[in-house]
Amino acid sequence: MKRLLAVFLLVAGVATAHEVQVNTAGATATVVTLRYADAQPFAFEAYELYPAGSETPAQVGRTDAAGRVVFLADVPGEWRLKAWSDDGHGVDRQISAISGELAVTPPVAETPRAALWLGGLGTIFGLFGLWQLYLGRKKR
């Protein structure tokens, strides 16, 4: 029984090494929509976004299915957007960005890790205790 518990704790410790923590917060974003001349969305195409006066992009990626680039500007003002497709279409122009201020809604707090561990271990030991009670009554 002690070996089983030791193995369980070892595996549980290794599993947390691959965890990704998520924090959600509302903010005011700048949304740029790109379309081809025939009004089709410039979907899933590469882009780079540069703050004013910078040669290094602050954000790189691909447009979404609607041809949108969404970003939170560190500072409001002029930004440079470069977007291109594999077939040679593209754009390189200045855009006006709004400030990325946080919205009124505060982020949702996550459950602390210790509470999750204690809850999980309590459930395991509780189920084990119920199983032992069941076996004890069955033997009588």
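1. A nonpolar core is here a set of buried Ala, Val, Leu, Ile, Met, Phe, Trp, Tyr and Cys residues joined through side-chain atoms within 4.5 Å, where buried means under 20% relative accessible area, exposed over 50% and partly exposed in between, with a 1.4 Å probe and protein chains only. The model is predicted, so local features need pLDDT of at least 70 and side-chain atom pairs count only at pLDDT 80 or more, while totals for chains, interfaces and linings use all residues. Residues are numbered from 1 along each chain as its sequence is written, and side-chain values use heavy atoms, leaving out hydrogens and water.

2. The largest nonpolar core has 13 residues, and V32, L34, V69, F71, W79, L81 and I95 are those with the most contacts inside it. At least two residues of this core come from each of β2, β4 (68-71), β5 (77-84) and β6 (90-97), with β5 giving the largest share, three residues; strands are DSSP runs of E, at least two residues long, and helices are runs of H or I, at least four, both numbered from the N terminus.

3. Leaving aside neighbours within four places in sequence, F71 is in contact (heavy atoms within 4.5 Å) with A29, T30, V32, L49, Q59, W79, I95 and A97.

4. The loop between β1 (30-33) and β2 (46-51) holds A39, which has a positive phi of about 75° although it is not a glycine. F44, in the loop between β1 and β2, also has a positive phi, of about 55°. Most residues other than glycine have a negative phi. A39 counts as partly exposed because its relative accessibility is 48%, whereas F44 is exposed, at 51%.
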